Amino acid sequence: MKSELLIKALVASAAAACVFGVHSAKAAEPLTIVSWGGAYSDSQRKAYYEPYMKQTGVKITEEEYDAELGKLKAMKEAGNVTWDVIDVDSAHALSGCDEGLFEKLDYSKIADTSKFLPGTALDCAVGTIAYSTIFAFNADVYKDNQPSVLEDLFDTKKYPGKRALLKKPFGNLEWALLADGVPAGDVYKLLATPEGVDRAFKKLDTIKSDIVWWEAGAQPPELLANGQVVMTSAFNGRIGNAIKEGKNFKIVWDRQEFDWDYWAIPADSKHVEGAYDFIKFASDPKNMSQQSKYIAYAPTRVEAIAMVDPKIAPTLPTYPENMKTAVTTDLQFWADNNEDLTKRFNAWLAQ
Amino acid sequence: MAYLPQLGLPAYASASERAWRLFFFAFCGLVLLFLISPILIVLPISFNPTPFLSFPKDDWSLRWYEDFFFNDRWTTAVKNSVIIAFFSTILATSLGTLAALGLSRPNFPARAAVMAVLISPMIVPVVITAAALFFFYANPLMVTSQPLLILNNTYAGVILAHTLLATPFVVITVTATLTGFDQSLTRAGASLGGSPALVFRRVILPLIAPGVISGALFAFVTSWDEVICVLFIGSSDQRTLPRQMFSGIREMISPTITAAAAVLIALAVVMLVTVELLRRRTERLRGIRT
Amino acid sequence: MSLAEAAFIQAVDGVPLKIKLARAERKRKLKAVGLVLPLFLFVVITFLSPLLVMTLKSVENEETFGRLDRTREALASWSGQDLPDEAAFAALAADLKIAGEQRLAGEIAKRINYEFPGAQSKFKTITRKVAAMETGPYRETFLSTDAAWGNPKLWRVIQGASGKYTAYYWLSAVDLRQGASGIEQVPANQAVFLDVYGRTFWIAGLVTGLTLVLGFPVAYLLATQPASRANVLMIFVMLPFWTSLLVRTTAWFVLLRNEGPLNDLAQLLIGSRFDMIFTRFATILAMTHIQLPFTLLPIYSVMKTIPPSHVRAARSLGAGPFLAFWRVYFPQTVPGIAAGCLLTFILSLGYYITPALVGGPRDQMVSNYVSYYMNNIINFGQASALGATLLIITLVLYWAYNRLVGIDKMKLG
């Protein structure tokens with residue numbers, strides 16, 4: 001009987017602890033930081049989370065997401081936001097701000113906006129890295145006469161084999177038009193018309209049967225490594241890391257699609273001050289310059305760029321040589337047309 | 001041994017019947033192979049020392065098992081899975097057994113309709129259940145527009161969701177045990193002076209115990225396997241083993257998923273054996289012999 | 001003794017036995033109901049009511065209702081064909097001013113953008129503009145900012161979205177939309193969902209058929225072998241059944257990869273590799289594997305109850321082996337086939353994990369789209385409408401299952 005009672009008591013207290021979450025009292029409140037996972041989160045952990053936890057004693061809990069801001073919206077509507085800092089891409093940095101999902105930032109708590117590269121100090125989000133979408137190929141497959149321009153990605157005669165692309169219209173439609181000979185300045189003008197969209201899809205049609213689609217940033221290097229594809233679009237840092245690990249991949253910088261990633265604070269976060277403190281720490285030029293060591297993304301502060309190891313610089317999207325033909329994506333265009341073009345894209349995929 | 005060439009056919013079977021029979025055995029053999037081989041094939045791959053999902057060539061290693069048993073991500077996932085499965089099993093088994101007992105009483109009103117309602121969580125696609133719960137858990141009390149209670153991103157929420165998904169299995173298994181149940185045994189117990197509680201403990205429980213335990217096992221497995229509800233309504237705090245495997249495949253992180261798979265297969269074997277033993281016990285108790 | 005007779009008999013305390021029996025009966029019934037009640041309430045409260053809430057969400061204008069009230073009133077007398085008057089513009093400006101202050105303008109813009117692509121940026125610009133304006137004229141400001149404000153279609157969309165309820169999501173879920181003159185089909189290059197339903201049914205049907213073809217003979221084998229051998233063979237069926245779905249999907253994922261064991265084998269035998277992973281083939285194969293026990297087991301349990309003497313009798317009466325099987329044995333297995341196939345078909349309709357992990361973009365089923373709209377696009381209305389249609393289809397099939405098979409015939413293991 002006694003042991004039975006004991007077990008009952010144990011179970012009950014365990015239940016209470018698990019179900020209601022007993023927090024041990026701590027001086028600094030813990031932070032939940034949401035980011036993209038994989039090699040990117042690894043680099044953030046080494047560059048920011050670990051040093052910050054060491055310095056302040058704040059416990060950081062990491063969470064991974066796949067741009068699922070729906071969860072944040074539901075949390076906000078429910079009045080229980082459990083995320084404190086979130087790493088967002090530029091499209092969501094803008095739309096999340098419009099929809100009231102993020103706090104409006106008080107830059108006096110971070111650093112003066114003039115310290116950041118133009119376009120990275122937004123109302124609700126502050127830039128953390130510059131990254132780009134490039135295409136890369138397996139150099140074991142193409143030993144000589146390697147792909148060097150965007151047109152090669154669409155040329156299955158010269159470069160036969162499967163290629164992987166991101167399963168979204170975003171970025172792909174621009175590349176399709178550019179590869180079809182549209183001057184960079186006219187891409188969005190053209191995409192705003194039905195004929196332009198038709199033309200982009202027609203171009204994609206020419207390689208459709210050779211495309212494998214990827215969704216998570218960690219997939220492209222894996223697809224290249226296991227021979228599933230010979231070429232793939234990817235975020236440059238993921239390929240950079242695979243190269244560091246000894247993979248014989250090469251990046252083609254022609255028409256790289258340049259973009260930023262940002263820190264944002266979810267509206268109604270319970271630890272706004274803690275979040276600001278963390279973002280301030282992560283935006284410090286010295287700390288910021290550390291991240292490039294772990295993944296080939298560039299800092300967003302002028303002083304930080306100067307501190308990056310010159311050996312690493314040529315692997316970053318901001319390197320002048322890499323920037324020559326870079327494309328900047330028009331976020332407002334995508335905010336307006338994403339829903340529609342995504343539907344069209346899905347209909348096209350199903351054909 | 002003269003049995004096999006006969007193919008289990010009577011002596012009067014014709015040659016074409018024999019040929020057909022041979023084909024039938026071969027077909028069934030292939031189907032059984034199809035059922036079992038994918039599961040067996042991940043086992044050797046989990047011993048591959050290289051970080052690729054292929055068979056080990058010259059060497060084998062336990063590195064992925066080491067990762068599975070000692071890496072925080074995986075151990076936390078296992079811990080979460082155990083906690084959630086444990087509580088939802090207890091809840092589902094109690095609720096389901098009570099309901100099955102009630103349902104199997106003679107003359108239960110609107111039995112078919114009630115049963116249909118109770119089984120429905122098993123039928124409705126889990127994504128829909130998860131989506132509906134996602135909205136519901138944001139403000140489950142629904143009395144005020146500002147919620148007094150929120151179940152999204154909590155253990156309680158995931159446990160309740162899994163309880164919901166698991167109860168149909170308990171209801172089905174326990175009801176099945178009770179269909180052969182002789183109600184006169186209860187009356188006999190009562191007429192001999194046993195209180196209802198005593199009759200339940202000494203007469204009903206031993207008889208339905210195998211059904212309850214296999215129902216509980218089904219409930220456990222339902223929760224242990226479930227990933228969609230965790231994806232929709234859980235946060236990283238409630239990251240379970242299947243959830244971890246899901247992102248493992250999606251992001252192709254490492255062959256640790258094969259080690260995890262191997263461990264889960266071992267667990268499935270244990271479950272299978274337990275259920276089989278229980279089934280035999282029920283048959284013995286009821287005096288049925290096969 | 002019938003109850004009618006019992007009415008005349010009295011118990012010791014003078015109460016007619018009929019009443020006493022009825023009382024006892026009622027008490028027993030209450031007790032039985034009391035046992036079921038906790039679970040019944042649990043299912044109703046935490047399952048059926050959320051499903052209802054979700055279904056309601058699919059017809060509501062959550063983002064806009066109550067936030068465009070002034071505009072709705074001002075548009076009440078509008079013809080719907082020409083340009084609205086200054087009052088309507090002023091009302092919209094007033095609504096947007098407030099929404100802008102409460103940071104709700106983005107949500108409104110997003111909702112309008114569903115039906116009028118491009119509205120998002122137009123709303124954004126105009127919200128910023130009217131925030132700085134004290135007085136009108138608003139119409140000129142709107143029109144000079146963007147010509148689209150002169151488009152009656154945009155105003156019709158705004159009017160439609162300002163009410164509490166909308167048919168937009170349901171129409172959209174079946175590739176229809178509200179046109180200028182009634183309901184019309186969406187352009188072919190926007191039509192996604194009917195195709196997704198068709199694909200879902202096709203995949204579920206194919207998987208059901210395959211599990212039947214593969215499962216029926218094995219069920220027959222298991223049912224006709226001596227118990228000792230059948231029990232051993234049963235392990236082959238039950239081990240997959242008890243193994244985690246994720247494990248089985250992982251196994252197929254590993255097996256079907258370009259560098260996987262199956263392709264290694266193909267390379268060895270015929271010297272070439274095939275694209276198997278991320279295809280319809282992979283989806284069907286993995287789903288068939290997962291569903292096979294669900295089809296097989298009900299057939300098996302029906303077959304177990306068919307006495308072998310029936311076929312023997314038919315044979316002894318001169319029927320050939322096939323005729324005896326087809327005319328005597330097979331008809332008796334039909335209830336098992338119906339039970340197994342319906343269960344597999346219903347469960348297959350709701351697949352999500354397997355197509356997501358081993359299928360390609362053309363193999364994503366309704367559930368995958370529900371999840372996509374929920375989590376990625378954050379369009380809860382569309383997710384709910386798609387979910388509700390699938391829910392209704394499932395419930396109809398479930399009802400059919402209940403009628404044909406009977407829910408209490410459902411067995412596991």
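This is a predicted model: local features need pLDDT of at least 70, side-chain atom pairs count only at pLDDT 80 or more; totals for chains, interfaces and linings use all residues.
**View 1. Chain A splits into two domains.** Domain 1 covers 26–130 + 260–319, and domain 2 covers 132–258 + 321–350; such bounds come from an automatic or database domain assignment. Where they meet, 19 residues of domain 1 of chain A are in contact with 17 residues of domain 2 of chain A (in contact means that the C-beta atoms, placed from the backbone, lie within 7 Å). On the domain 1 side, α2 (38–56) and α4 of chain A are the elements giving two or more residues; helices here are DSSP runs (H or I, at least four residues), strands are runs of E (at least two), and both are numbered from the N terminus. The largest share, four residues, is from α4(A). Sorted by class, that side has 12 nonpolar, six polar and one charged (Ala, Val, Leu, Ile, Met, Phe, Trp, Tyr, Cys and Pro count as nonpolar, Asp, Glu, Lys and Arg as charged, and the others, Gly among them, as polar).

**View 2. Chain A meets chain C.** Here 28 residues of chain A touch 29 residues of chain C. Chain A's side draws at least two residues from each of α3 (69–78), α4 (90–98), β6 (211–214) and α15 (331–350). The biggest giver is α15(A), with 12 residues. That side of chain A holds eight nonpolar, nine polar and 11 charged residues.

**View 3. Chain B meets chain C.** This contact takes 77 residues from chain B and 72 residues from chain C. Several helices of chain B give two or more residues each, including α4 (72–103), α9 (196–225) and α12 (256–285). Top of the list is α2(B), with 14 residues. By class, chain B's side has 63 nonpolar, 10 polar and four charged residues.

**View 4. Chain B has stretches that UniProt lists as "transmembrane region".** The entry is unreviewed, and among the listed stretches are 22–47 and 203–233; positions follow the numbering used here, feature names are shortened, and annotations may be inferred rather than shown by experiment. Residues 22–47 are 92% helix and 0% strand, with end C-alpha atoms 37 Å apart. For residues 203–233, the span is 94% helix and 0% strand, and the ends lie 42 Å apart.

**View 5. Two helices of chain C cross.** The axes of α12 (residues 245–256) and α14 (residues 280–304) come within 10 Å and cross at roughly 140 degrees (axes are lines fitted to C-alpha atoms, for helices over the stretch in contact, and angles run from 0 to 180 degrees between N-to-C directions). Contact residues include C:Trp252 of α12(C) and C:His289 of α14(C). They divide into seven nonpolar, two polar and one charged.

View 6. Chain C averages a pLDDT of 89, and 96% of its residues score at least 70 (pLDDT is the predictor's confidence in each residue, from 0 to 100). For the complex, the predictor gives an ipTM of 0.87 and a pTM of 0.85.

Terms used. Residues are numbered from 1 along each chain as its sequence is written. Chains are lettered from A and ligands numbered from 1 in the order in which they are written. Two residues are in contact if their C-beta atoms, placed from the backbone, lie within 7 Å.
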